[in-house]
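Me: I am new to this structure and would like to learn how to read it. Could we begin with the way in which helices pack?

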Amino acid sequence: MAGEGSGARAPARRPCDQWLSVGEVAARSGVAVSALHFYEARGLIRSERNAGNQRRFRRGVLRRVALIKVAQRAGVPLAEVGRALEALPVDAAPGKADWQRLSRRWRAELEARIESLSRLRDQLDGCIGCGCLSLRDCPLRNPGDVLAAEGPGARLLDL
Ligand code: FES
């Protein structure tokens with residue numbers, strides 16, 4: 001019996017095999033159709049219309065969606081993901097080199113956010129049990145004492 005792995009040749013790919021409906025993209029990527037529409041509205045992915053005016057996505061969209069999801073998990077803002085994807089060909093799947101370059105950059109940004117959050121956590125430690133919320137003394141209320149750098153006198157009107 002001929003089948004997969006038996007040496008039988010796969011049927012020749014027809015051009016339409018390269019295109020996926022939004023439901024197929026959702027099923028294969030694990031991302032909701034509504035999220036795919038959102039990504040498309042933000043320009044992160046792109047579809048074309050077939051003769052029946054239905055959206056069709058190139059197969060490479062699956063790697064784009066995977067990249068978007070991983071970036072989101074790493075806390076990369078969607079606007080930054082969009083800028084990164086703008087630099088890639090819209091009709092081709094992001095390649096290994098693309099992903100290595102982007103993940104290296106996002107790792108550095110993630111590291112900076114971790115350091116910033118660690119500082120914030122340490123400052124919050126000092127606030128627990130205090131409650132002063134003083135512009136003069138509380139590092140969370142006046143981070144980096146920026147008001148002091150502006151000189152003496154009243155400065156905030158929106159207290
Ligand atoms: S609340 Fe007092 S130091 Fe932050």
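This is a predicted model: local features need pLDDT of at least 70, side-chain atom pairs count only at pLDDT 80 or more; totals for chains, interfaces and linings use all residues.

Reply: Two packed helices are described by the angle between their axes and the distance between the axes. Here, the axes of helix 1 (residues 22-29) and helix 3 (residues 61-73) cross at roughly 50° and come within 10 Å.

Me: What is the handedness of the crossing of helix 1 and helix 3, and which residues make the contact?

Reply: The crossing in which helix 1 passes helix 3 is right-handed. Helix 1 contributes V25, R28 and S29 to the contact, while helix 3 contributes V61, L62, V65 and A66.

Me: Which residues does V25 touch beyond its neighbours in sequence?

Reply: Once neighbours within four places in sequence are set aside, V25 is in contact with L20, L36, F57, V61, L62 and V65. Among these partners, V61, L62 and V65 also belong to the helix 3 side of the contact with helix 1.

Me: What part of the protein chain is buried?

Reply: Of the 159 residues in the protein chain, 12% are buried.

Me: Is G82 buried, exposed or partly exposed, and which residues does G82 contact?

Reply: G82 lies in helix 4. G82 counts as partly exposed because it has 14 C-beta neighbours inside 10 Å. Apart from neighbours within four places in sequence, the contacts of G82 are R42, G43 and L44. G82 and L44 stand 38 residues apart in sequence, yet their C-alpha atoms are 5.5 Å apart in space.

Me: How is the protein chain as a whole arranged, and what do its contacts show?

Reply: The protein chain has six helices and three strands. Read from the N terminus, the order of the elements is β-α-α-β-β-α-α-α-α. Among contacts between residues at least 6 apart in sequence, 53% join residues at least 24 apart.

Note on methods
Residues are numbered from 1 along each chain as its sequence is written. Axes are lines fitted to C-alpha atoms, for helices over the stretch in contact, and angles run from 0 to 180 degrees between N-to-C directions. Helices (H or I, at least four residues) and strands (E, at least two) are DSSP runs, numbered from the N terminus. A crossing is left-handed if the near helix is turned anticlockwise from the far one by less than a right angle, and right-handed if clockwise. Two residues are in contact if their C-beta atoms, placed from the backbone, lie within 7 Å. A residue is buried if 20 or more other C-beta atoms lie within 10 Å of its own, exposed if 12 or fewer, and partly exposed in between; C-beta atoms are placed from the backbone.
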